[in-house]
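Biologist: Please go through this model with me. I would like each term set against its cut-off.

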Amino acid sequence: MPKALFLDRDGVVNVEKNYLHKIEDFELLDGIIEVCHAYQEQGYLIIIVTNQSGISRGYYTEEDFARLSKWMVEHFKTLGVTITHIYHCPHHESIDGVCECRKPEPGMFLEARKEYDLNMEHSVMIGDNERDIEASLKAGVGRNVLLSMEATHSKADRIIHSLRELL
């Protein structure tokens with residue numbers, strides 16, 4: 001069974017910019033490519049799980065998100081990283097009601113597990129928000145890392161201030 005490195009997008013893969021949806025605004029977070037290389041070399045699939053409520057809020061469209069995602073997959077490929085899949089939740093509970101895919105719910109993780117027959121116990125999640133960690137734990141991901149400058153406690157196994165701490 002394959003294992004996955006699950007990554008939140010905004011704040012982990014790229015610099016957090018409110019409702020990022022334009023290629024020209026995309027900026028890789030320091031260390032993300034090196035982290036992906038390290039895990040990829042150990043046989044992990046790279047899977048992104050991202051809440052994208054900007055779609056529901058009308059700030060951008062599914063097509064805008066798909067365009068950025070396609071570009072991102074291609075860009076990572078030129079840097080030697082294969083992104084296996086990008087799962088996203090376009091919903092926001094105040095607009096759409098409760099759904100199973102919006103973190104802290106585990107829907108995106110469970111879909112990935114089903115689609116790729118993943119070994120969740122040997123998989124890893126890197127998130128920048130406690131809701132990322134909560135969703136991951138609900139899905140049975142074995143190791144969880146919170147990337148945060150402010151957090152002093154978390155349900156994650158480890159809190160880091162920089163992705164480079166994982167290298």
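Biologist: What makes the lining of the second largest pocket four nonpolar, four polar and three charged residues?

Modeller: Leu29, Leu147, Met149 and Leu163 are among the lining residues, and the lining has four nonpolar residues by class. This is a predicted model: local features need pLDDT of at least 70, side-chain atom pairs count only at pLDDT 80 or more, and totals for chains, interfaces and linings use all residues. Residues are numbered from 1 along each chain as its sequence is written, and side-chain values use heavy atoms, with hydrogens and water left out.

Biologist: What makes a residue part of a pocket lining?

Modeller: On a 1 Å grid over the protein atoms alone, a pocket is an open set of points where a 1.4 Å probe fits, with protein on both sides within 12 Å along at least five of seven lines; lining residues have an atom within 4 Å of a point. The largest pocket is lined by 19 residues, with Asp10, Glu16, Asn51, Ser53 and Arg131 nearest its centre. Strand 2 (44-51), helix 2 (53-56) and helix 6 (130-138) each give two or more residues to that lining. By class, the lining of the largest pocket has three nonpolar, seven polar and nine charged residues.

Biologist: Which residues of helix 6 are called buried?

Modeller: Asp132, Ile133, Ala135 and Ser136 are buried in helix 6, where buried means under 20% relative accessible area (1.4 Å probe, protein chains only).

Biologist: Why are they said to line one face of the helix?

Modeller: Seen down the axis of helix 6, the buried residues fall within an arc of 165°, so they line one face. The arc is that of the directions from the helix axis to the C-beta atoms.

Biologist: What covers the buried residues of helix 6?

Modeller: The cover includes helix 5 (107-116), strand 4 (124-127) and strand 5 (143-147), and contact means heavy atoms within 4.5 Å.

Biologist: How do you know that Asn129 caps the N-terminal end of helix 6?

Modeller: A side-chain oxygen of Asn129 lies 2.9 Å from the backbone nitrogen of Arg131. A polar contact is a pair of N or O atoms within 3.5 Å, one able to donate a hydrogen and the other to accept it within protein, and residues adjacent in sequence count only if both atoms are side-chain atoms, so the pair at 2.9 Å qualifies.

Terms used. Helices (H or I, at least four residues) and strands (E, at least two) are DSSP runs, numbered from the N terminus. Ala, Val, Leu, Ile, Met, Phe, Trp, Tyr, Cys and Pro count as nonpolar, Asp, Glu, Lys and Arg as charged, and the others, Gly among them, as polar. Buried means under 20% relative accessible area, exposed over 50%, partly exposed in between (1.4 Å probe, protein chains only).
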